[in-house]
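Please read it with the model open.

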Number of protein chains: 2
Amino acid sequence: MKFYDLSGADNQRFSPFGWRVRMSLAHLGMEENTEVALVKFSQKDKLKFSGQKLVPILRDNSAIISDSWRIAEYLENNYTNQPTLFSSPTDKANEKFVSSWVDSQVHPLIAKCVVRDIIDVIDPNDREYFRRSREHRFGMSLEEVVANREETRTLLKQTLFPVRKVLELNPFLGGASASFADYSVFGAIMWARITSSFDILEQDDPIIDWRERMLDLYNGLARKETAREH
Amino acid sequence: MKFYDLSGADNQRFSPFGWRVRMSLAHLGMEENTEVALVKFSQKDKLKFSGQKLVPILRDNSAIISDSWRIAEYLENNYTNQPTLFSSPTDKANEKFVSSWVDSQVHPLIAKCVVRDIIDVIDPNDREYFRRSREHRFGMSLEEVVANREETRTLLKQTLFPVRKVLELNPFLGGASASFADYSVFGAIMWARITSSFDILEQDDPIIDWRERMLDLYNGLARKETAREH
């Protein structure tokens with residue numbers, strides 16, 4: 001099995017979707033034994049075999065699966081590990097809800113906080129492409145995008161309200177233990193942590209305690225990844 | 001057991017939180033046998049026994065429970081019906097996520113679509129209080145709040161993205177059958193349906209199919225409630 005994940009200049013693995021897969025693999029006890037292929041933005045030719053250009057991709061013998069949700073489904077359906085990733089069909093529907101919520105409502109705000117800083121961690125060869133494509137998407141310079149990021153963080157704090165409500169009652173979004181919902185929110189957090197010195201959580205946000213718990217999971221898997229100084 | 005629910009001039013039960021409780025009772029097979037006490041805004045003296053002023057309230061012998069989430073918990077913990085409301089602790093954590101998301105991200109947008117129209121369905125005695133308190137909250141007249149509601153609906157459509165993603169794969173947010181997450185979103189929908197002729201969903205929104213399924217549940221319980229013409 002081979003896991004293709006996005007990487008920066010110094011092999012930093014900062015993709016939020018990559019982190020969903022990586023934590024899911026760890027959840028299933030498969031992370032350490034999965035070979036990893038690091039792919040920079042300018043190395044998309046490495047992904048030709050998959051017929052598309054996006055990481056993460058999981059290659060398992062003849063199976064080629066892209067998209068973090070479909071990879072999680074594939075792992076769940078093909079490897080009967082304990083604990084399972086989705087404990088029931090209801091649970092799976094709920095995990096899809098949370099991951100889609102992260103995609104649509106959390107990622108855009110985090111991007112507005114850290115997109116300028118991503119430039120610093122990606123390969124110098126990738127920087128012109130990254131800046132051009134993202135500035136086109138935002139319709140302004142990356143410096144302008146992040147100029148008011150304290151305000152964006154306030155908006156993010158409001159958006160994360162349901163996360164806070166669940167964590168008032170439970171150690172993890174999944175209840176007593178971490179679930180794909182946790183990995184989805186945490187992927188977004190790791191994306192920021194690795195690429196930017198700007199902390200997307202305010203100092204008094206109780207979500208920070210959960211972030212610490214997530215960093216500790218699976219022998220500190222995520223904590224070992226080099227973060228930028230906050 | 002007695003269920004205290006908010007009501008309008010003609011006994012319309014339009015509270016989104018009331019609908020969460022009502023659908024939960026139906027889910028547990030208890031809706032038909034639960035006595036209902038209708039409470040208008042100006043009849044909050046009926047709630048004195050509860051030590052607070054908000055509906056819904058469930059009174060079960062000596063137990064007095066307010067807040068729709070806590071009522072759902074109470075029902076689940078004290079009545080061993082099938083199907084259960086929360087199939088597992090993970091499921092319960094996820095349902096809390098979705099209901100908190102509705103509270104914080106869906107309700108404010110629906111309010112901006114229908115708050116002016118609520119005036120028309122509540123008791124004439126309640127109208128001055130309602131207008132004054134809501135205009136104070138919004139900092140403008142209710143007519144101004146709803147003036148751009150087509151734009152608010154576009155924002156609501158974007159906000160409902162995760163609902164749409166789950167419904168692409170499942171008939172209900174709970175998967176194969178409806179869950180408290182469905183009742184939470186549906187409560188918001190019923191709030192709008194009963195109080196306003198403005199449809200908060202655009203005609204081509206696939207969420208409409210789900211709304212029809214929800215209206216059909218439990219022998220058309222919600223469909224029987226008088227809606228304003230769309």
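This is a predicted model: local features need pLDDT of at least 70, side-chain atom pairs count only at pLDDT 80 or more; totals for chains, interfaces and linings use all residues.

1. Residues are numbered from 1 along each chain as its sequence is written, and chains are lettered from A in the order in which they are written.

2. Chain A is assigned domain 1 (2–78) and domain 2 (89–220). Such bounds come from an automatic or database domain assignment. The centres of the two domains of chain A, taken over C-alpha atoms, are 19 Å apart.

3. The contact between these domains takes 18 residues from domain 1 of chain A and 22 residues from domain 2 of chain A. Two residues are in contact if their C-beta atoms, placed from the backbone, lie within 7 Å. On the domain 1 side, α1(A) gives the most, with seven residues.

4. Chains A and B meet through 26 residues from chain A and 26 residues from chain B. On the chain A side, α3 (89–121) and α7 (161–169) each give two or more residues. Helices here are DSSP runs (H or I, at least four residues), numbered from the N terminus. The largest share, 12 residues, comes from α3(A).

5. The largest nonpolar core has 114 residues. Such a core is a set of buried Ala, Val, Leu, Ile, Met, Phe, Trp, Tyr and Cys residues joined through C-beta atoms within 7 Å; buried means 20 or more other C-beta atoms within 10 Å of a residue's own, with C-beta atoms placed from the backbone. A:V185 and B:V185 are among the members that touch the most others.

Definitions and conventions:
A residue is buried if 20 or more other C-beta atoms lie within 10 Å of its own, exposed if 12 or fewer, and partly exposed in between; C-beta atoms are placed from the backbone.
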